[in-house]
Amino acid sequence: MDITSYMTELGKQARAAARLIATANSDTKNAALLAIARAIDSHRNDLLAANARDMENGRANGLDAALLDRLELNEARINAMIEGLKQVAELPDPTGVISDRQVRPSGIELAKMRVPLGVVGIIYESRPNVTVDAASLCLKSGNATILRGGSEAIHSNRAIAECISLGLAETGLPEAAVQVIETTDRAAVGELITMTEYVDVIVPRGGKSLIERISREARVPVIKHLDGICHVYIDDKANLDMAFNIALNAKTHRYGVCNAMETLLVAEAVAPDILPRLADAYRAKGVELRGCEKTRAIIDCLPASEEDWSTEYLAPILSIKVVANMDEAMDHIANYGSHHTEAIVTNDEARSSRFITEVDSSSVMINASTRFADGFEYGLGAEIGISTDKIHARGPVGLEGLTSQKWVVYGHGEIRQ
């Protein structure tokens with residue numbers, strides 16, 4: 001296969017489809033999303049069979065437990081994909097919305113219109129459900145998309161792509177509005193991220209090395225986060241039963257996800273009360289604990305190294321640090337955090353207000369698990385990814401994050417004096 005010619009053709013088709021999908025009305029786009037949901041439901045056995053092939057190949061190729069967890073499809077995850085499509089169909093369509101209309105002294109009326117970005121290239125690893133999330137959000141926001149999943153999920157992604165094509169065809173929308181790259185050749189990624197004539201934005205979802213490579217080599221703008229080194233801080237004015245539940249859930253609900261807690265920070269005044277209880281619960285779930293000297297004086301655990309504070313484990317491993325107070329906790333987050341998600345557990349309103357004001361992350365939480373940092377949980381229906389950048393979009397990127405704005409001027413014959 002001539003990769004350059006193949007990718008150029010995909011780009012041309014996506015650009016043509018983007019013009020059509022941008023003018024589709026909300027009813028048509030919603031009908032397409034529901035048709036895709038029905039296709040996935042009726043072809044779930046095909047999806048499970050395709051995924052079984054990927055899982056078998058993954059085990060044979062030595063994929064670790066975290067990647068296999070991301071790769072796996074089951075009935076519950078297929079149901080979640082279907083529910084995500086239905087939720088996106090129910091969300092308000094941001095495209096074409098006029099806002100901030102005002103009359104200027106010259107007599108012209110000025111406003112802003114929300115418009116699609118155009119063609120969105122999405123590069124991701126392992127998770128086949130991203131194919132559905134990406135397609136649904138791009139379609140609803142009026143964008144065409146080119147999807148490049150990981151080679152480990154090629155059979156799953158092809159099976160999902162067939163369902164998407166069925167839904168698009170049923171509603172008369174161009175099938176090229178969602179294209180899944182058929183080749184596993186990594187050269188396709190290099191082409192996609194430099195096709196400035198055909199692609200308007202790149203969204204990478206995957207490991208740090210993938211995102212670093214794309215950020216370094218892309219000529220197309222990138223919406224990204226590098227890693228999710230998320231913290232939970234248990235304050236000395238926390239409800240300890242609440243703190244126990246949040247800290248346990250934030251780490252053990254799922255390990256191989258970017259919003260899982262990787263470092264637990266505990267105020268020294270309550271550490272002797274909460275840490276032994278948490279340590280027992282973590283050990284019961286097979287979590288390896290690594291702690292600072294103060295932590296190890298309270299519970300039995302491995303010593304935490306300097307590298308641990310900067311590590312996204314994506315595995316049943318947790319680093320723990322006992323801190324003097326909230327200021328030390330916020331200093332630690334500022335030094336080692338990845339600007340993804342941080343949480344404080346406290347009953348002190350002044351401290352919680354300071355925490356959400358001073359902690360510089362895309363999601364900051366009071367008395368809640370970091371696992372809520374998710375497009376589905378935020379009511380976005382799904383997410384295209386999470387951005388820790390500060391330009392254009394930040395946090396879970398849903399429909400509005402896949403649009404931009406243009407100025408609209410309503411005149412009545414005015415001329416510039």
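**Entry 1: ground rules**

I count two residues as being in contact when they have heavy atoms within 4.5 Å of each other. I am working with a predicted model, where local features need pLDDT of at least 70 and side-chain atom pairs count only at pLDDT 80 or more, while totals for chains, interfaces and linings use all residues. Residues are numbered from 1 along each chain as its sequence is written, and side-chain values use heavy atoms, with hydrogens and water left out.

**Entry 2: Ser141**

I started with Ser141, which sits in the loop between helix 6 and strand 4 (144-148). Helices here are DSSP runs of H or I with at least four residues, strands are runs of E with at least two, and both are numbered from the N terminus. Leaving out residues up to four places away in sequence, I found Ser141 touching Lys29, Thr95, Pro116, Leu399, Leu402 and Thr403.

Is Ser141 buried or exposed? Its relative accessibility is 0%, so Ser141 counts as buried. For this I use under 20% relative accessible area as buried, over 50% as exposed and in between as partly exposed (1.4 Å probe, protein chains only).

I also noted a polar contact of 2.8 Å between the side chains of Ser141 and Asn143. Such a contact is a pair of N or O atoms within 3.5 Å; within protein, one must be able to donate a hydrogen and the other to accept it, and residues adjacent in sequence count only if both atoms are side-chain atoms.

**Entry 3: helices 5 and 6**

Next I looked at helix 5 (residues 75-90) and helix 6 (residues 129-140), which pack at an angle of about 10° with their axes 10 Å apart. That makes helix 5 roughly parallel to helix 6, a label for angles under 35 degrees. Axes are lines fitted to C-alpha atoms, for helices over the stretch in contact, and angles run from 0 to 180 degrees between N-to-C directions.

Which residues make the contact? Helix 5 brings Met81, Leu85, Val88, Ala89 and Glu90, and helix 6 brings Asn129, Val132, Ser136, Leu137 and Lys140.

**Entry 4: the cores**

I then turned to the nonpolar cores. A core is a set of buried Ala, Val, Leu, Ile, Met, Phe, Trp, Tyr and Cys residues joined through side-chain atoms within 4.5 Å. The largest has 71 residues, and Met7, Ile40, Ile122, Leu192, Val199 and Ile384 touch the most other members. Helix 1 (residues 3-21) gives this core its largest share, eight residues. A second, separate core of 45 residues includes Ile246, Leu265, Val322 and Ala343.

Beyond four places in sequence, Ile384 touches Ile122, Ala134, Leu137, Cys138, Val203, Arg205, Val397 and Leu402.

**Entry 5: Val359**

Val359 lies in the loop between helix 14 (349-358) and strand 13 (363-366). At 8% relative accessibility, Val359 counts as buried. Apart from neighbours within four places in sequence, Val359 is in contact with Met330, Ile333, Glu342, Arg354 and Val364.

**Entry 6: two positive phi angles**

Which phi does His339 have? I read a positive phi of about 65°, although His339 is not a glycine. His339 belongs to the loop between helix 13 (326-336) and strand 12 (341-345) and is partly exposed at 33% relative accessible area. Leu314 is not a glycine either, and has a positive phi of about 50°. I found Leu314 in the loop between strand 10 (302-303) and strand 11 (317-323).

Notes. Parallel < 35°, antiparallel > 145°, perpendicular 65-115°, else oblique.
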